Amino acid sequence: MPCTVVVGAQWGDEGKGKIVDALSADADLVARYQGGPNAGHSVIRDGKTIVLHLVPSGIMALGTRCLIGNGVVVDLARLREEAERLEALGLRVRERLGVSPAAHLILPYHPVAELVVERGPGSLGTTGRGIGLAYRDKAARTGLRLGDLFDREAFVERSDRNLARLRREFPEAGELEAMNGASIYDQLRDLARWVEPLLADVSVELHQALRNGKRVLLEGAQGTLLDLDHGTYPFVTSSAASAAGAPLGVGLGPRAVDRVIGVAKAYATRVGLGPFPSEMPEAEAARLREAGEEYGATTGRPRRCGWLDLPALRYAARVNGLDELVITKLDVLDRFEEIRVLTEYEIEGRSIVGYPSGARQLERCTPRWRSFPGWRESTAAVRQWAELPTPAREYLEWVEREAGVRIARVSVGAERDAEARRA
């Protein structure tokens with residue numbers, strides 16, 4: 001800090017929620033900069049798992065101000081439900097949460113249209129919650145933002161135009177016929193009243209906080225390899241998940257950021273469709289999936305599992321300008337006899353330098369591997385780097401050298417304090 005970005009260095013689900021939760025103890029403000037309720041950050045509190053979808057993970061740190069930036073797409077019903085669920089647990093949410101009026105809305109017609117897309121030949125394996133269609137409207141300049149809820153006439157007119165366009169594009173989506181701008185506005189009226197006191201100029205608030213010497217933490221969803229520009233296109237999310245999207249998504253200049261922390265698992269997982277070069281055979285993946293509880297926090301879908309992909313990690317380090325790495329879920333590998341790492345890609349016998357720019361080329365790649373001996377002992381109680389089993393430490397130090405980024409801490413369990421810190 002004073003302004004730190006926490007970014008996923010893989011395909012998401014790296015454990016960013018736990019890391020943001022831990023870092024929030026030293027932050028004055030935590031701001032979410034992209035994504036929607038398709039993301040799920042799991043945080044442990046008093047032995048219970050709490051899944052956050054839109055509210056920043058910093059909400060678990062008492063007194064920390066939490067902000068949702070302009071780069072996020074918001075489903076108001078889900079946001080209110082989440083806030084009320086957290087308040088029922090004794091967390092003070094409404095007095096600590098601010099939402100940018102420039103954040104775009106996920107409206108009832110977005111998930112309807114997205115589910116049609118997902119049933120067709122262009123399916124990408126999304127959550128079907130309307131995130132992609134909401135971002136599409138944003139890019140097409142037809143979207144509606146939180147601030148638009150307070151101008152009924154304009155909201156209804158623009159919603160009706162959007163619905164007319166969607167009916168032409170998706171004639172098979174019969175639910176669209178029953179929708180109109182006025183009914184959608186009426187459906188959102190109570191939600192608009194609920195969110196109005198939370199509206200805040202996130203950009204101004206963060207600028208003033210940094211000017212006054214306060215510490216700011218910027219939190220993203222998904223991961224670098226799902227970034228709209230830098231991920232395995234077209235099997236990506238619809239927003240800038242990499243670190244460059246952080247200042248853009250909260251209204252800060254790029255020079256405001258002074259530290260970027262990348263989070264990566266000691267292995268790799270992916271949800272949805274798309275190339276995954278380090279993917280394991282299913283029998284091996286099932287073992288890892290059960291050991292690591294690799295099921296989507298939002299959808300419950302089983303995650304595809306694979307070994308660590310070193311070229312992808314190097315790529316994430318370069319694209320994000322990582323200052324340090326946090327490796328999570330090392331403990332999941334405690335019982336494995338052998339640990340493998342994808343070290344290089346080749347196509348038709350030729351080595352590929354760097355990381356392929358798109359899914360089609362990546363699908364043609366054949367992986368080359370390196371094997372490491374497993375440590376075959378529990379790391380759950382380890383709290384210092386020197387306490388790690390020698391094979392585990394040698395594995396991590398090799399990854400660190402090859403990735404070119406220092407590993408600052410290693411997570412060895414779900415609890416906040418279950419980590420080995422580097423001196």
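Me: Phe372 and Tyr395, are they buried or exposed?
Reply: In this predicted model, both Phe372 and Tyr395 are buried.

Me: How many aromatic pairs does the whole structure have?
Reply: A search of the whole structure finds 8 aromatic pairs. One of them is Tyr315 with Tyr355, which is stacked, with 4.7 Å centre to centre and 25° between the planes.

Me: Where do Tyr315 and Tyr355 lie?
Reply: Tyr315 lies in helix α10 (residues 310–320), while Tyr355 is in the loop between β16 (350–352) and α11 (359–363), so the pair ties together parts that are 40 residues apart in sequence. Tyr315 has a relative accessible area of 11% and counts as buried, and Tyr355 is buried with a relative accessible area of 11%.

Me: Back to Phe372 and Tyr395, what kind of pair do they form?
Reply: Phe372 and Tyr395 form an edge-to-face pair, 5.4 Å centre to centre and with 70° between the planes. Because Phe372 lies in strand β17 (residues 366–373) and Tyr395 in helix α12 (residues 390–403), the pair ties together parts that are 23 residues apart in sequence.

Me: And which residues make up the aromatic cluster there?
Reply: Phe372 and Tyr395 belong to one aromatic cluster together with Trp375 and Trp398.

Me: Switching topic, where is Ala61, and what does Ala61 touch?
Reply: Ala61 is placed in the loop between β4 (48–52) and β5 (65–68), and, leaving aside residues up to four places away in sequence, Ala61 touches Ser24, Ala25 and Arg96. The C-alpha atoms of Ala61 and Ala27 are separated by 8.8 Å, although these residues are 34 apart along the chain.

Me: Why does Ala61 count as buried?
Reply: Ala61 counts as buried because its relative accessibility is 8%, and the cut-off for buried is under 20%.

Me: Ser24 is in α1, so how many residues of that helix are buried?
Reply: In helix α1 (residues 16–24), 9 of the 9 residues are buried, so the helix is largely enclosed by the rest of the structure. Among them are Lys16, Lys18 and Asp21.

Me: What about the protein overall?
Reply: The protein has 12 helices and 19 strands, and 56% of its 423 residues count as buried. Its radius of gyration is 22 Å, which agrees with the value near 22 Å for a compact globule with 423 residues. Among contacts between residues at least 6 apart in sequence, 76% join residues at least 24 apart.

Methods: Residues numbered from 1 in each chain as written. Predicted model: local features only at pLDDT ≥ 70, side-chain atom pairs only at ≥ 80, totals over all residues. Heavy atoms only, no water. Helix = DSSP H or I, 4+ residues; strand = E, 2+ residues; numbered from the N terminus. Rg over C-alpha atoms; globule rule 2.2 N^0.38 Å. Buried < 20%, exposed > 50% of the residue type's maximum accessible area, 1.4 Å probe, protein only. Contact = heavy atoms within 4.5 Å. Phe/Tyr/Trp six-rings, centres within 6.5 Å; stacked < 30°, edge-to-face > 60°.
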